[in-house]
Amino acid sequence: MNADRLYAYVGVVLFAMAMYAFLTHTHLLRRLLAFNVMGGGTFLILVGLAQDGRGPDPVPQALVLTGIVVAVSATALAIILLRRWFALSRSTALPEDQS
Amino acid sequence: MTAVSAGQLLPWLLVAPLAWAVIAVLIESRRGALTIAVHAIGVLLHVALGVALYTSVARSGPAAHALGGWSAPLGIGLRADGLAVTLVLLTAVVSAACAVYVMTTERAAHDADAETPRYFWPLFWLLVTSLNGIWLAGDLFNLYVGLELLGLSAVGLVALGGSETALSSALRYLMAALLGSLAYLLGVALIYAAYGTLALPELAELIAREPLTQLAIALMTIGLCLKTALFPLHGWLPPAHGVALTPVSALLSALVVKGSFYILFRLWFDVAPEAVTPLAAQGLGVLGAGAVLWGGWQALREPKLKMLVAHSTVAQLGYLFLFFPLAVGTGVSAAALATQGMLLHLVAHAFAKSAMFLASGTLIAAAGRGGVADLAGIGRHMPMSLFAFGLAGVSLMGLPPSGGFNAKWLLLQSALASGQWFWLCVLLSGGLLTAGYVFRVFRESFVESKDSQFTPTPRGYDWVALTLAAMAIALGLASQAPLSTMTSGLRVMAGGT
Amino acid sequence: MSPIPEISGWWLPLAVLGTSLVPALLIMLLAEHRQGVRTVLNLGAAVVKLALVAYMTWGVAFGNNYELRFGMMPGVDFVLRADAMSMLFAGLSAALWLFTTIYAIGYLEGAPNRSRFFGFFSLCVASTMGIALAGNLVTFLVFYELLTLSTYPLVVHRGTPKSLNAGRTYLRYTIGGGAVLLVGVALFTSLVGDVSFADTGALVSEASYDATLLRVAFWLLIAGLGVKAALVPLHGWLPIAMVAPAPVSALLHAVAVVKAGAFGIVRVVYNVYGVETAQALGVLFPLAVLASITILWGSVRALFQTEIKKRLAYSTISQVSYIALGIALFGPWGSIGGLAHLLHQGLMKITLFFCAGNYAETLGVHDIAELDGAGRRMPVTSAAFTIGAFGMIGVPPLAGFVSKWYLGLGALESGMPWVLGVLVLSSLLNAAYFLPIVHRLWFRPQTAPWPDEHSFGTGETNRWLLIPTIATAVFTVGAGVFANMPYSPLRWAMLVVARVYTQ
């Protein structure tokens, strides 16, 4: 197994684990972190699978760079909303998830 | 001087709204006439660009443009066919109407708390940019970027309400949007691994019916369905659309949910018709039917007016998904009829739903409270808003003459042509449910009670809503031309599946 | 040969629609207190429309063709066209419209929400004109649904819980009926294509289509139309909708709504399927049975009503089905009777409703029992009521007699002599529920003071209410006495029928 394929498999594992966390946790910050890990897994798959057996490819690298920028902005927005939500409701979960 | 070609116009549909987003941030602290003037110019420019692009492509065919001279795969390729430019024009018109609604509020506001919330305008322009980005994107990755930006600006707009419910709705929306985009992106990764390109026309040539591709398409489909709020993944939509500021609700229901649906349509019918199966299409149809019935039922029982309209969006999005079983695995004529019906429904719903949200917002502003029951006796005071609400309702119910009727008719004909009576029953029950909840509102409005108090609202509100509703109606009498533009060159029309 | 220059005349059908569509929008925008402008708009539009319709009728009689056609969506055209059949209905509506408008202006004097009322009133007549002039099934459907929507605000106009509930019932029936009609039209179109109405039927050779599906489509269409035409068992909305103001009742019963349903049935049988094809498919006999049941059922129910308007409502259910019955009797005489009754029933029933409104507005009388001696207090209204009632019973030489005569001939001609029995029985029932009212009016002394009497100076009631009542009563007499004059309802029905049968 070459390194690229390994990256891809690791990506799959990361994605699956993080998705489980995203769906089961109610704490919004945890879900946000899970989203970021899922994103990381996806990027690994994107680069790893594309380069598997074909050698270095600039296109997925460029895509991942763009993807990271998008993910960072999404995280930033999420954190702002989260803080504001926490300030108003004193809660870290969505209303329907609060026990 | 020669006319500007469509290819030259393309980048400006991204650049102009993005520029206004930046300007909006710069003049954010200012208030009053200046902001209105600046954004009015932006809106006019955007509509003019939309009209110019539409006429140019309708007249001389599809166009393409490579941003900054960098062609795909590294550069961003834009392309515009009839469907794309129609949606660009639709975006320009509906967003312009919502902008005018906001400007009317700003002009009428004498006290500070009625003012437009901060950051509305930057987010508005960002939303428009990302919509145009989606309509005009030439490859799967740029579609992802557009989708993500669209989601983020939409979430930001929902949160603008500032209340606790607004924030929880925005957060719920954000979580759904993020999950949806990641599922989509994972699919993109698999597609790139399999074919080494993401450009739509090239993929259309290459794509084959094999498991990895089908897995990729399944992932992308699930993500997009989540973002389009297909039943049973629709839970995030009613609170988000129901709680947002009125013009934001209108934008979200009319345009934003259509963005992800548009990608789904392109994916299934332009890019990968060879890889999708009739069984999967039937599955989407069943979920669509579920949305039509469940959304309609929820709207019938909903006590709050704007939430009612939001549930109606869930139901109306369901109609879009009835298109899949009618177009996959059926004959050419059934597929063509279904495509026409679905696209017309998409446009008619955009006009009608934005009109209905704006009219509802006006009614709520007049009544001071948001319940359907609070509208008792409003008929005498707000005839224009109710008229706009009613016209929009006509189109949503699928009664003639309206774009909604023509769309339903075409879908019915398609169902008959392919012998699928089941979908015919869904279409009819959906119409009856819609009639039920639309007339619930009217019933209240006709109550003659002396004690209710209503505050007058600016006249501009009604004109905006009426204009949009009138377009939904006019589409019923003149759907031939827009339909022929929208469907020209689509593979599904020629029996691509 | 034609006295009218051979202009294509595509704008005429449009103008006929426009004369109520444009005023409808203008009136809705008008402030509540601008009564003068509103009255001028209302009456002006009604007069101009009547003139246009008269001109078109004249042209159609000489074989001119007025058609507007454009593509509405792929595979479907929007067609407005004036043929002999459309002018039958358009002429009736345009004429009665003028009277109803005059009546409504008087009736609603000083009432709230008049801009809304008259706006939708005009919209309603626009839909009726559209129904009359529609040149294919889809265009017909467009205006048929528009009629539902524009009458709802009129039915709930008073805004009381009772009228709101009536409105809900009305909608349940009509929207449901509309949906069934939509399926019928869609099914027919998917079988045959988007065909225009033709004199002898749009279905050229039924042999090339699946006869079972054609029958299914036929009954779907009839069921959808039967709701508005109040065929039993789809009639439930009509008596409940009686809570609406009197001019609206006149509209529902005589001018627009039930007539739209009946006219639709006429269109489907004659101009879509063709009467000969319908006969070949074997759908006419069941239709005749259905119509006969409705005729008798409505009359029997009318006997038991104590409210004037309720009794009139059940009478409408019965009388409108004469039209369907005439259509279902295969042969020219039955057709003539049915089509002439489309006009005659309108004239007679509108007279009766005007009278009922006059009693309610002048004396506050709503129940039949309160009418004792009203003939002395309101002789003109009561005379008009008597004419209308006698016409309904079928006393010669009034309009109703003419219809029943031809229906009887048709029954014999089509080999369904049992229909004669239905006609006789129904006439007896008509007499049984109308004559007691007439007796009360003229021959019983007034026993109690009027419930809520208003004085209108020298006349027996408001002049705006009285003039239309007199006019329609006079027409009821005229349509019977001068039945053989050119352009009389009977002669026009004969003209239509001459074009409907191929042999």
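Here is a quick rundown of how chain B meets its two partners, chain C and chain A, in this structure. Keep in mind that the model is predicted. Chain C and chain B bury about 3,200 Å² between them, while for chain A and chain B the figure is about 3,100 Å².

**Chain C against chain B: extent**

- On the chain C side, 39 residues are in contact with 33 residues of chain B.
- Three residues stand out: C:Met73, C:Pro74 and C:Leu182 supply 18% of the area that chain C buries against chain B, more than any other three residues.

**Chain C against chain B: polar side of things**

- Polar contacts do occur, with four residue pairs counted between chain C and chain B, both partners at pLDDT 80 or more.

**Chain C against chain B: who does the touching**

- Both helices and strands of chain C take part: helix H1 (11–29), strand S1 (66–73), strand S2 (76–82), helix H5 (137–155) and helix H6 (161–192) each give two or more residues to the side that touches chain B.
- H6(C) brings the largest share of that side, at 14 residues.
- Sorted by class, the chain C side comes out at 27 nonpolar, eight polar and four charged residues.

**Chain A against chain B: extent**

- Here 37 residues of chain A are in contact with 32 residues of chain B.
- Of the buried area of about 3,100 Å², 86% lies on carbon and sulfur atoms.

**Chain A against chain B: who does the touching**

- The elements of chain A that give two or more residues to the side touching chain B are helix H1 (3–24), helix H2 (28–51) and helix H3 (58–89).
- H3(A) gives the most to that side, with 18 residues.
- By class, the chain A side holds 26 nonpolar, six polar and five charged residues.

Methods:
Residues are numbered from 1 along each chain as its sequence is written. Chains are lettered from A and ligands numbered from 1 in the order in which they are written. This is a predicted model: local features need pLDDT of at least 70, side-chain atom pairs count only at pLDDT 80 or more; totals for chains, interfaces and linings use all residues. Side-chain values use heavy atoms; hydrogens and water are left out. Contact means heavy atoms within 4.5 Å. Buried area is the accessible area (1.4 Å probe) that two parts lose on being put together, summed over both. A polar contact is a pair of N or O atoms within 3.5 Å; within protein, one must be able to donate a hydrogen and the other to accept it, and residues adjacent in sequence count only if both atoms are side-chain atoms. Helices (H or I, at least four residues) and strands (E, at least two) are DSSP runs, numbered from the N terminus. Ala, Val, Leu, Ile, Met, Phe, Trp, Tyr, Cys and Pro count as nonpolar, Asp, Glu, Lys and Arg as charged, and the others, Gly among them, as polar.
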